[in-house]
Amino acid sequence: MTQDVFTLDADHKAVAETNAAAVTPSVRRLETYGSFLIDDMEFALPVGVVQEVVNEPATVSPIPLSPSYMIGLFNLRGMIVPMIDLREIFGFPPATNTGDRKIVIIEDGETHLGLVFDRTGEVIHARPSERVVFQNRDGGLKDVVSQGVLKLDGGERILQTLDPHEVLNLEKVPRIQKDEADAQRRSQLGKRMHCISFEVGHSKYAFELEHVQEVMEVPEIKQSFLTHGYVLGSISLRGRIVPIVDFRGFVGKQQTDSQQIRASQSKKLLIMNLMEGQIGLLVYSIDSIIPYYQKDILPISKLAMPHEAIFKGCLPVNNTELVMLFDHDETMRQPDLVAAAQCCQELYPDGGEEEEQQAAVTRERRTFITFSASNDFAMDISQVREVIDRPETLMKPPNAATAVAGLFDLRDEIITLIDLRLLYDLPEATTDKQKVVIFQTSGQKYGILVDMVKEIIMTTSDKVLPFQAGATQFTDSASAQDVTEMVQTNSSNVSKSIMVLDVAAFVHRCVGAQR
């Protein structure tokens, strides 16, 4: 799965890694970078220095006598962050879209600052041989902060790599230390990770999100010589033939019932990478995106469990249920999965659509999460922080906007929950298992109440079109302000366009008057 995301915070960090290219046997050691863009120029930063990516703040405090590339300071959840304009450093013309840009928060030890980019790109796994390091040429500022380039796709794609140490030590930039207690608490927790949970039968499982290449609706599965045991057949995924495995049968060592699977309406595919190629895991619903730390993983007794080596442990969710977390590497080494992927790769080697794939390299990559509330909607996944079940208790504040379903506490943070059905005068929900998509804009988190999360769509900019109000029921000017784009999808061989919510405009219209 690809995304305009390098963000589910350090949030973004996990979600964005879904852009990683498929691993091949020849790639054993990779370096990981996040990519960001100014105009059409692509920059890269080592993932390890990126704390999170946020939207450009509405309020910035300028600093007297500061250098021209120093925009000012802004408040990020109580942390004061210096903001650096890379356009000024690299000689770009002034930005015309201020207010819509992205701030990449980088840190080293106790210091941090924000770098301003037009938009986020993806997470890139590059070979050391693809990195070219430059020495300082004329000693200019852009040469100081430049580390070299990444040469990808045979040199067709060039990314400017930044030296985070030099950026953090730019002259006349204030050294603002993080809150000591907060920094210590976070360092003790370690890296924040995310997993995507799903149902298989009556059990809940999860994979770390960075290992999931794509989440999609199930297209037509074609039976072939590959069909045997847990392998249901194969699909064509953008010219690549991918074998599909009944994951319920595989995990439970149960007999695969192809007739029952075809009759089921609630099916999703997780596209995963193996050393031998790709494989699709058929599951029965996507549940949530769950943030967690290593300490949250509870050990489990693996005795008498099928495929015991493939589980890392359990994650407690909402103090009421447990999600079993897979060990990706161990799972993808299972002989049945390896054999299916290897056989498919040998018979259908990549390259059938080389020209189309090469052309796609030059397009901006975009990733969206889609969800339904009577109608289908989409949101750029870089703005999504997590997906949770609807809270049992909501507090309705006085004089709240009509579309606000209430407020709730999410790990000591008050979240405003917006109900799409109330906002757009849609019919009442028919499900009692609604989800909440937590997203962030202008440094503040909000929630959208939805019936279900449907897909994570990896696409390119040419598949994202300007919003045409006449093509939907959103013809009044107020509602139309919430949508600026439509993304084209092709699920089960049916092409359709889904409205992409402009979260900044959406929030301003819903709760702006109360803020």
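**Talking through a predicted model**

Colleague: Let's start with helix α13, residues 503-511: which residues are buried there?

Modeller: Keep in mind that this is a predicted model. Counting as buried takes under 20% relative accessible area. In α13, the residues that are buried are V503, F506, V507, C510 and V511.

Colleague: Moving on to strand β7, residues 111-117: how many of its residues are buried?

Modeller: This strand is mostly covered. Out of its seven residues, the buried ones number six.

Colleague: In which sense does β7 pair with β5, and in which with β6?

Modeller: With β5, residues 79-85, there are three bridges, and the sense is parallel. I84 is the residue opposite L115 of β7. With β6, residues 102-108, there are seven bridges; K102 faces F117. So that you have both: β5 with β7 is parallel, and β6 with β7 is antiparallel.

Colleague: Which residue of β7 is the bridge partner of I105?

Modeller: β6 spans residues 102-108, and β7 spans 111-117. The partner of I105 in β7 is G114.

Colleague: Which are the edge strands of the five-stranded sheet?

Modeller: That sheet is open, with mixed pairing, in the order β3-β6-β7-β5-β4. An edge strand here pairs on one side only, and that leaves β3 (50-55) and β4 (70-76).

Colleague: There is a six-strand sheet too; by how much are its neighbouring strands turned against each other on average?

Modeller: It's another open sheet with mixed pairing, ordered β8-β1-β2-β11-β10-β9. At its edges are β8 (119-126) and β9 (131-133).

Colleague: How many bridges join β10 to β11?

Modeller: The two strands run antiparallel. One of the pairs is S146 with L162 in β11. The number of bridges is six.

Colleague: How far apart in space are D153 and E130?

Modeller: Along the sequence they are 23 residues apart. C-alpha to C-alpha, the distance is 9.3 Å.

Notes
Residues numbered from 1 in each chain as written. Predicted model: local features only at pLDDT ≥ 70, side-chain atom pairs only at ≥ 80, totals over all residues. Heavy atoms only, no water. Buried < 20%, exposed > 50% of the residue type's maximum accessible area, 1.4 Å probe, protein only. Helix = DSSP H or I, 4+ residues; strand = E, 2+ residues; numbered from the N terminus. Pairing = 2+ DSSP bridges.
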